[in-house]
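Please walk me through this protein model, from the overall fold down to single residues. Plain running paragraphs will do.

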Amino acid sequence: MLEKNLEKYFNFNGFRPGQKEIVEAITSGRDTVALMPTGGGKSLCYQLPAVIFENLTVVVSPLIALMKDQVDAMRARNIPATFINSSIPPAEAGRRIAGIKSGETKILYVAPERLAAPSFAPVFSGLNIDFLAVDEAHCVSQWGHDFRPDYLNIRSHIKLLKKRPIVAAFTATATPEVKDDIITRLELRDPEVFIRGFDRPNLKFLVQKDLKTKERYAEILRIIKSLSGSGVVYALTRKETEIIAGYLRENGVKTSAYHAGMAPAMREKIQNDFMEDKFRVIVATIAFGMGVDKSDIRYVIHAGMPGSLEGYYQEAGRAGRDGEKAYCVLLHSKKDTNTHKFFIRMNDDEMRKQGKSWLEARKISGIKYDRLERMEEYAVSRKCRRKMILEYFSDPEAKSHSGNCKGCDVCLNWKRDTEKHKNGQNGTERGFITATVKETVRLYQQDYDIFRIAKMRGLGVSTVMNHLVDWYEAGGELEIDNLVSPLEQSQILEAIAKVGMQKLGPIKQILPEEISYEKIKLVTAKVRRGR
Ligand code: ADP
Ligand code: MG
């Protein structure tokens with residue numbers, strides 16, 4: 001039954017680990033807390049119940065950009081979803097509210113501060129809501145790394161409703177303190193708690209310790225040049241994002257800095273351009289990230305150590321949400337720890353100024369120092385990184401983990417320059433078909449076009465094309481003419497005649513810019529198959 005709806009509305013052919021149990025708990029009427037890693041598929045756990053419930057589902061979500069992406073993706077699947085926030089003009093908001101009241105809309109996304117807005121609060125309290133989902137629920141906890149006071153008011157808005165809906169909270173931040181805070185501060189009633197394995201097998205974890213500033217910059221550049229696809233570089237300060245972005249640009253990388261000191265319109269433009277692949281690398285502070293739903297990020301480089309492992313894992317976890325291989329690289333330097341100690345002391349002073357007692361302030365700072373120590377341990381020790389992460393999050397798998405994950409620098413005995421990313425252009429990683437490729441092919445065979453498939457699956461268009469290339473190269477059936485026009489095919493063949501097809505770069509170089517690598521790969525594969 002659930003599987004049927006999953007297929008019908010979302011076109012997924014199975015649940016990801018943990019999803020089914022969560023959906024079952026919610027649809028059977030239980031309040032729920034779901035802790036699942038970034039990319040684990042939390043959205044589906046509230047979207048599927050939403051299409052099953054008769055009345056409205058409200059999703060409280062912290063960021064406008066995220067809402068729009070999710071609503072677009074749901075509309076692409078013909079699910080009536082909408083959002084209301086400050087970017088919507090009043091007349092349009094009125095239309096959306098009418099759609100909600102008439103029962104036409106199944107899912108409404110709102111930011112927590114919207115619930116309190118004078119124009120919206122009375123509307124909200126009159127709604128007949130079956131289910132309320134709180135996304136990024138760690139924002140309600142001051143132990144979380146991203147506390148937002150507006151989240152504290154969610155419970156009082158729930159109380160104003162005629163009928164209390166089922167309430168579920170979702171987050172990727174899993175420490176026991178945060179989980180307990182979520183339960184009390186949202187006043188969940190006897191919730192079922194799900195802690196889904198935190199491992200992300202497609203992510204590789206690499207650390208280089210004790211780098212000097214210049215070495216760091218050179219290393220960032222080297223990594224970016226050796227990997228293909230989009231990436232994020234996290235820096236600790238605004239100033240450093242500018243310096244690193246400048247350095248990368250000087251060295252021929254298309255990039256942009258991003259931080260909270262920029263004007264909102266500018267930030268939005270940079271974020272959108274990055275999402276649309278107009279440039280490949282974004283150099284950002286932690287202001288960039290939450291709610292950024294770009295699933296084909298191939299690497300996250302930390303040019304500086306974060307203050308806690310949950311912060312690190314949340315940021316690094318933005319890589320590879322599409323399930324494809326991706327890299328998480330931490331470039332550590334000894335001075336990072338001092339930087340964080342300085343932040344903690346400043347925050348301590350701030351808390352005292354705001355009237356917190358010495359004892360309270362000391363307790364909070366104490367937790368922060370402990371976390372910093374665990375982070376430092378991750379960076380400098382020579383233990384399996386993955387096992388350390390699982391242990392930190394008290395993942396049930398941690399105990400039985402062998403300590404050899406074969407996917408971190410320690411287990412791979414990785415040294416600089418020894419591991420070069422194989423981007424598939426030389427064919428070395430071809431020849432096997434993964435489940436994710438099969439999924440793309442299945443949709444393609446159902447006659448969805450590549451743009452639609454990309455949207456539905458939350459993948460980049462080029463990733464989807466690459467799936468089709470993999471499929472075709474491995475011998476699968478594909479009508480090339482539908483993907484590469486006859487004119488483009490003859491242009492590519494002409495280029496191959498000139499420069500051969502040993503390497504794709506030279507072919508690409510003499511062709512018009514619009515002809516992508518993927519198209520070239522399809523044609524070279526066709527030539528090979530014809531031989
Ligand atoms: P999270 O919020 O946990 O970080 P998302 O909900 O954004 O993760 O999901 C990550 C990606 O996984 C999205 O592209 C989503 O479409 C995809 N996804 C989720 N569930 C499934 C499923 N059962 N089968 C295939 N893809 C899925
Ligand atoms: Mg999410």
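Does Lys406 count as buried or exposed? At 58% relative accessibility, Lys406 counts as exposed, where buried means under 20% relative accessible area, exposed over 50%, and partly exposed in between, with a 1.4 Å probe and protein chains only. Lys406 is in the loop between H16 and H17; helices (H or I, at least four residues) and strands (E, at least two) are DSSP runs, numbered from the N terminus. Lys406 is not a glycine, yet it has a positive phi of about 60°. Most residues other than glycine have a negative phi.

Some ground rules come next. The model is predicted, so local features need pLDDT of at least 70 and side-chain atom pairs count only at pLDDT 80 or more, while totals for chains, interfaces and linings use all residues. Residues are numbered from 1 along each chain as its sequence is written, chains are lettered from A and ligands numbered from 1 in the order in which they are written, and side-chain values use heavy atoms, with hydrogens and water left out.

Now the chain as a whole. It has 23 helices and 13 strands. A compact globule of 531 residues would have a radius of gyration near 24 Å, and the chain agrees with this at 24 Å; the radius is taken over C-alpha atoms, and the globule rule is 2.2 Å times the number of residues to the power 0.38. Along the principal axes, the C-alpha atoms fill a box of roughly 75 × 55 × 50 Å. Of the 531 residues, 53% count as buried. Among contacts (heavy atoms within 4.5 Å) with a separation of 6 or more, 72% are between residues 24 or more positions apart. The chain exposes about 24,200 Å², of which carbon and sulfur atoms supply 52%; these areas come from the Shrake-Rupley method with a 1.4 Å probe, and for residues only the protein chains shown count as cover. The chain has 83 positive and 68 negative charges, and their mean positions are 2 Å apart. Lys and Arg count as positive and Asp and Glu as negative, with His and the chain ends not counted; each charge is placed at NZ of Lys, CZ of Arg, CG of Asp or CD of Glu.

The region around H16 can be followed in more detail. Seven of the eight residues of H16 are buried, so this helix is largely enclosed by the rest of the structure. The buried ones are Arg385, Arg386, Lys387, Met388, Ile389, Leu390 and Tyr392. Their cover includes strand E8 (203-208), H13, helix H15 (358-380) and H17. Just after H16, Ser394 takes a positive phi of about 50°.

The structure holds 13 aromatic pairs; rings of Phe, Tyr and Trp (its six-membered ring) pair if their centres lie within 6.5 Å, and planes under 30 degrees apart count as stacked, over 60 as edge-to-face and the rest as tilted. Tyr313 and Phe393 form a tilted pair, 5.5 Å centre to centre with 40° between the planes. Tyr313 lies in helix H13 (residues 309-316) and Phe393 in the loop between helix H16 (385-392) and helix H17 (409-412), so the pair ties together parts that are 80 residues apart in sequence. Tyr313 and Phe393 are both buried. The pair of Tyr392 and Phe393 is edge-to-face, because the ring centres are 5.4 Å apart and the planes are at 80°. Relative accessible area is 10% for Tyr392 and 3% for Phe393. Phe198, Phe205, Tyr313, Tyr392 and Phe393 form one aromatic cluster.

A few single residues complete the tour. Asn5, in helix H1 (residues 2-10), counts as buried at 12% relative accessibility. Not counting residues up to four places away in sequence, Asn5 touches Phe10, Leu48 and Ile52. Asp31 lies in the loop between helix H2 (19-27) and strand E1 (32-35) and is buried at 5%. Leaving aside neighbours within four places in sequence, the contacts of Asp31 include Arg164, Leu188 and Asp190.

Val527 is in helix H23 (residues 517-530) and is partly exposed at 24%. Beyond four places in sequence, Val527 touches Leu493 and Met501. Val527 and Leu493 are 34 residues apart along the chain, with their C-alpha atoms separated by 8.7 Å. Finally, Asp277 is in the loop between helix H12 (264-275) and strand E11 (281-284). Asp277 has a positive phi of about 65° although it is not a glycine, and is partly exposed, with a relative accessible area of 40%.
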